[in-house]
Structures are given as C-alpha cells and as structure tokens.
Amino acid sequence: MKRIVVIGNGMAGYKFCEKFVSYMNEISKSDEYEISIIGEEKYLAYNRVNLSNFLANEQVDDLSLASIEWYHSKNIHVKLNERIVEINREEKYITSDKNYTYPYDYLVLATGSAPFVPNIPGVDQEGVFVYRTIDDLIHIKNFAVRCSKGLVIGGGLLGLEAAKALNDLGLERVNIVELQTRLMPRQIDDLGSAILENELRKKSFKILKGKHAIGIEKNKSLIVKFQDNTCLETDMVVFSAGIRPRDELARKAGLKVAPKGGIIVNEYMVTSDPSIYAIGECASYHNVIYGLVAPCFEMADVAACHILGTTQKRFIGSEPATKLKFKGVNVASIGDPFVSTNDASIIVYYNHAKNIYKKLCITKDSKYLLGAILIGDCDKYNELLEYYRQRIPLPTKPETLIYTNDGTEVILTQKTQLPDTALICTCNSVTKAAIRDAIKNANLKTVEELKLNTSAGTGCGGCIGVVKDILTQTLKEMGITQQSKLCEHFSYTRQQLIDLIRFHKIKTFDEAISRLGQGMGCEICKPAIASILASVWNEMILRREHAKLQDTNDKFLANLQKGGTYSIVPRIPGGEITPEKLITLGQIAKKYNLYTKITGGQRIDMFGARVDQLPEIWEELVKAGFESGHAYAKAIRTVKSCVGSTWCRFGVQDSVSMAIRIEERYKGIRAPHKIKAAVSGCTRECAEAQGKDFGLIATEKGYNLYVCGNGGMKPQHAVLLAQDLDEETCIKYIDRFIAFYIRTADPLTRTSVWLNKMEGGIDYLRDVIINDSLGICKELENEIQQLISSYQCEWKAVVNDPELKKRFRHFLNTNEPDPTIKWKSERGQKIPHAW
C-alpha cells in the first residue's frame, strides 16, 4: 500500500484529499493508498475566504469544510495541532515537533503562506496583530474590547477586509495605511481607487497612502512611525500587507525554491523531488504565487490526478479575478484592467453622483474581453467573468455590458446562453456541463444536493444564484416540477400557506404547524409564518403569540439603531403637518434629547430613545394626534408627494391630497417587504414616483400608474401599468396590485425583484390587475378592504395597555435603563458611540 502524507490541513490540503479519494474510488484503487493529513492549527480545514464572518458568530463549524466524520468515512488519518519540522528525502519520512515520524511514498506540501510583517522595531509589541487565522481573529477580538482606535497596514483586498473587521468590532476610528499611491493597487486603477476611498471615508475610515511604516513604539498607546517623519497614535495595529509562501520546510530539505520565494513546481505540481508535490500558496509556478482559492483548488486537482497515474490534467496558470468582500462597498476586478490603449480599446462608464465606475478593456477588434473593473455596481461580475474566462465573443455593442440607454440588458448568465464549457464555480472549477450532468445522472433536485455532489458554491458562494438557475432550467427540460416548499416543516409554498391560513382561520404559529406542518419549526418558517399571519389578519402584532417570532424591530415597534437605542418615526401623510404638530415634535425631541432629521420620505426621524422611553414618548405623540409610521415594519411606509396643483404653477393634479388619501388607506398593511410610494403633480416628477414600489404621475387627464420600482442597493425604475386614470380607478388598481403582491411574493422580496422573476413580466401583471385574467380581482379588492377596516395604530394600543408597556424595558427584573449606552456630540446633536 502506498502512503500519501499531506502537510497542511488548509483549503488546498483539504481539496487534495477530497479530489484524491473521489478519483481513487472511481478507478477502484481505494485499497492501494493510505492518506494522512497533518495540520498546524487545532481546527479542521476551514473556509479562509469567509474568515471575517467568524467575528459575527464565532462558530467555527460554520466555516468548516468538512467534519471529522467525513475524514473518518474516507479513511483519512488526521493529525491536528502538530507542526512538521523536517523532511528526510532519502529515507522518505517526516518528523513533527512532537517527535513523531511519518513515512511516505508521496508527500504533498500544502503549507500555505504567512502574513508579511516587515522587519521593523516594535512589531512584537502587545496590540500588534496579523490577520490570517481563526486564532488571529480571536486574539484581535479579545484585545479590541479595550480599544477605540485601530490601524491596518495594507490597503489591498485582505487589508480592507481586516479594516472592516475592526470597524465591525466597534472601534470608533480605523485608519488604513497603504504603501502604494492607491488602494487595491493590483486590481484597480487611480480613478477606481479614488471612488473606493470616497466610499470608505463615508464609512468613517481614514485612508493614508504612500506611507511606509518604519517602527512601532509603546507609550500609553501605540505610536506608528513612518518614513516621511510623521507618526500616528493608535490602540492596536493589524498587519495585512500581503503574504509570503511557507517554503522554509522545503528549503531545509533542499527542494528548489524560486528567487522570490515559493516551492518550484511543474505543470503537474511536482517539485524538484519526484516524490514530493507542492500545491496552493506555498507553490511557485513560473515564478508566480497564486493566492486565490480557484487556482489553489486547481493545483490540488492536478496533483491528485498525477499521483494516481494520469497526466490528462495540467496546471497552466490562472488569470486573476477578485471581488472585495465588504458589505456596502462593491469592488471587482477581472483579468488585466491596465492594458495600454495601444493594445486595446477602453470603454468607461462613470456615474459621479452614485459613485459607480465600470471599465472594460477589450481587443482592438472589439471581439474579446481582456480585463474589467467594477466599482459601486458589480451585478455583471459573473457575466463578464464568463466572457473573459471562456473567451466568448462580445456583443456587437460591448458597451451594453456596462451601460444601456434603452433599459435593455445583455444577460449572459441566462441558462440558455451559457455554453456548457462555462466555468460556473471558479473556486472549484465546476462547469455548467458538470452541474447539468450531476442533476441528470444523480437525480439531484436541490442546491444543497448539488453542492455536496459537485462542490459548486462551496467556496466563496458567489455562484449560488447561477447554480440555482441552472438547476431550475435543467429540471424543467427534464419535465420535472420542483416542489417549492417553504422548508422541511411545511410542504407548501408561501402562496399556498396564505390561502390555507386564510381558509382555516389560523391565527398562531403553533396552530399553523399543528394543522399544516410538522416538527417544531425553524429560522426559515417561523418568521415567514409570522409575516403571513400579520399580512392576512392585520391584528395588533404584540397581542398575538406570533409576536415573539418577529425580529427586534417589530417586537419593539421601532428600529434598533447603532449604539443600542431606538428610533421614533411618526406618520406624516404626504409630508403635510400643522404648525401645532411640528411644535409638538420639537418639544418632545428637546425633552428627551433626541437626534432629529428630516427623511427622504417627508417625515421627521427622532433617534436615541432608550427602549424604556418608547412608551412614554409615544404616549405624548398619540395624545398630539400622531400615529405609528411603521418605519420598523415590512409594510406600507410613506407616500411621498410634491406640492402639486395646490401651490406649484406647473402642477396639473392635487398630488398632496392624493398622497394623503393613499397613505391613510394602506397604512400598516404588512407585506413580504417594505413598500414605498409617491405621487407627482406633473411630469417634472419631483416626488420621484418612478423610483417607488408604486407611483402616480399626474397628467391633464388624471394619473399614470407605475409599479415595481425601488431605490436601495439595486435601483430599478418602475414600469408603466396604466395611464390617464381617474382617482377611483387608480385606487382600485393599487388595491389589486398590493393584494396580489402579498399573495404571491416570496418573503423579503421587493416588488421589483418580484416582477423580474414573474413569468410574463409586466404584460402578465397587467392582465391580472386590469383585465382580471385570473378572475380574482374582486377577491383581491375584498382582501385589501378587510385589512383596511381592521387597522389600528400599534403604538396607541401599547400606550393604552399596561401589560404591553411592561415589555419595553431593558431588564426583566428592574426598570433601570441600560447603563452601557454612551453618547457623543456632533453638529450640536447627540450621536451614539459605536457598539
């Protein structure tokens, strides 16, 4: 029996084992090989790509690539928390720091890399860290509780992720120091870097470029000194300025190492010793170290095949494609985005107002993509990646890939357009053909089954949407109808559950799972059923058993804000408010020292209320005639308006009155997601009605009704449903639209996404809403009328109910306020210290 020993139980080492046992079983040679894998860390292999997620939940299992049971089931011997210190190539064995020896026939070096830390005075000080492993993050988190300021050295991908981690840990100020003159210098150009900097500064990061750290001194805090004779005071320092291959073991054993580091390998991952292979970040192929997941996995695959005796697979290098994992900051880079204009044509789209920048580098004949930069909007990343990797000919007008004037899109990732050779999961090199074959041959019907069978989507997870689309399309071609059940506890869709809950008059989750489901429920069905119950019956949410299933915002009828306080947002229909009510808001805000702000929806936000203050503040507001604005709920929020024909010389309809009528009609109605609306008094569109879930634009003959638009992360213009409508017809169509949306949309699905996924699109929706093609319009109108007639102000109910008021306190056994809430002052108002 041949003995294979893998040094390093990281992502590359694990992937080698996974591929090797898979191929070994295919050729029925499982009794000819024995595999052992030895790791320095005390953890089994974990997904380092998603390492920053560990800070949110501290669950190692969530990052694990496989359980110990998986290793045992594959007859893989695992040794953890053990470091190999020597390779004896002549006698073919290795020795660990515990003085154990392991003989081998084939040795696979997957020792990975180490963070680069410059050799400067003070790097060994307390409070100086690297950002690389789970233990690194644990140490950072434990130390951060005593810090308010942090400094990250390194403005590349890893450096920005480390900066985000410090920010998430509650540090008030995080500085990012980069040696080069721009951030992410290997991935984006000067303009892209400037836009990225702007976005980071909005999030309170301070950027210092062209700065070379030369030392760290310890006083009361840390002092970082730079080559330009400047210095910066901070509480902690995190180095994330690149990696260095872990090749020291190979050097000691006499293996050939590249001039810039890394164990030299050929196209089969074989080192200068034919019995030893190197894969991942410790390997150097043609003097290049590959620090991304996809090429490391490809190396593991090639090495596994070669040890088993096949030379069909070779490693030929990998072109770069990266995406920044930083919530709210979208940055991606593909191929070579720095191609000279002498060798390529450059197409640029730059929206300064929205900080969106897209750059395509294409061949002179406009046929192929050479590189791309996407900042602010990365929706086309996967599509552009396929054009690049598969060398797919570009559209006749390549600019349509990043910008269109007519609202049309070029969507390569449609299942019918992607070639079978398209690489869907770049992390694990899984093609569209491999996914389709697995679905057909292994009778797979879920994304989870596909992940287990093909490994697609188990790396960074960015391909899951495309994998799901391919699954749906392939099953449809096979004549298989997917069962779109809510979860394992309910064998119904959300739409079916709405009908069943209404028919059986079910009012609680316990009754729903008893009559319609099984088990105890889960994190999927509990909030979904709670949402359905709220949408169908429109009862005071805190007086029902399902109140405990709601999230924090609905439980306390207010949005939880940074720092642990809550917001107060009274309803102000149409933005119209009397001077008396305006004075009341000012008096309350002054009395409770609340931060005040005018919103984009023509209301007044008041921030900084403790949870125990919410009932007493709302008691004063209710007394003054205010109602809940439902800013915390998945419900009808605001109906924005201009001043219309009442004041504006261009107005053709009374938009204020119409907006107030609509907001008063639909206030408090729960839906799958929040709903915003607007009414513009003329075609100048001052109320921005085409950016709302539904909006009216006044004409000389009445109103044009637009539906399914939204702002937010993925803005979308609303689509014209009907035109020149009188007010009563408008209301009738809106009634039907809202009721149909509540009935058919998936949980947490905005109206824009709902329409995009709707077969038949706006034409089908128009047929249902206007032409009554399904014969349900009268039913939809009755459902809305039932919700309207059952409305009650939730906060009025709370302030009049002593038992409900008891829920609004920080601690169960005392009425004392939360002592951890802290404030600071900015522009004359209080704002919270970060958590």
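**Figure 1. Arg436, a buried residue of helix H11.** With a relative accessibility of 14%, Arg436 counts as buried in this predicted model, the cut-off for that class being under 20% relative accessible area. Arg436 belongs to helix H11, which spans residues 432-441. When neighbours within four places in sequence are set aside, the contacts of Arg436 are Asp420, Ile470, Thr474 and Glu477. Ala300 lies 136 residues from Arg436 along the chain, and the C-alpha atoms of these two residues are separated by 23 Å.

Figure 2. Apart from neighbours within four places in sequence, Cys487 is in contact with Cys522, Ile524 and Cys525. For Cys487 and Cys522, the C-alpha atoms are 8.3 Å apart, while the two residues are separated by 35 residues along the chain.

**Figure 3. The crossing of helices H18 and H19.** Helix H18 comprises residues 579-591 and helix H19 residues 614-623; their axes come within 10 Å and cross at roughly 165°. Since angles over 145 degrees fall in this class, H18 and H19 are roughly antiparallel to each other. Their crossing is right-handed. On the H18 side, the contact is made by Leu585, Ile588 and Lys591, and on the H19 side by Ile617, Glu620 and Leu621. Sorted by class, the residues of this contact are four nonpolar and two charged, with no polar residue.

**Figure 4. The aromatic pair of Tyr290 and Phe315.** The count of aromatic pairs in the model comes to 19. In the pair shown here, the ring centres of Tyr290 and Phe315 are 5.4 Å apart and the ring planes stand at 85°, so the arrangement is edge-to-face. The pair links distant parts of the chain, its two members being 25 residues apart. Tyr290 lies in the loop between strand S20 (283-284) and helix H9 (293-307), and Phe315 in the loop between H9 and strand S21 (321-323). Tyr290 is buried, with a relative accessible area of 12%. Phe315 is also buried, with a relative accessible area of 0%.

**Figure 5. A cluster of aromatic rings.** Tyr666, Phe694, Phe737, Phe740, Tyr741 and Trp754 are joined into this cluster by ring pairs.

Technical notes
Residues are numbered from 1 along each chain as its sequence is written. This is a predicted model: local features need pLDDT of at least 70, side-chain atom pairs count only at pLDDT 80 or more; totals for chains, interfaces and linings use all residues. Side-chain values use heavy atoms; hydrogens and water are left out. Axes are lines fitted to C-alpha atoms, for helices over the stretch in contact, and angles run from 0 to 180 degrees between N-to-C directions. Helices (H or I, at least four residues) and strands (E, at least two) are DSSP runs, numbered from the N terminus. Angles under 35 degrees count as roughly parallel, over 145 as roughly antiparallel, 65 to 115 as roughly perpendicular and the rest as oblique. A crossing is left-handed if the near helix is turned anticlockwise from the far one by less than a right angle, and right-handed if clockwise. Contact means heavy atoms within 4.5 Å. Ala, Val, Leu, Ile, Met, Phe, Trp, Tyr, Cys and Pro count as nonpolar, Asp, Glu, Lys and Arg as charged, and the others, Gly among them, as polar. Rings of Phe, Tyr and Trp (its six-membered ring) pair if their centres lie within 6.5 Å; planes under 30 degrees apart count as stacked, over 60 as edge-to-face and the rest as tilted. Buried means under 20% relative accessible area, exposed over 50%, partly exposed in between (1.4 Å probe, protein chains only).
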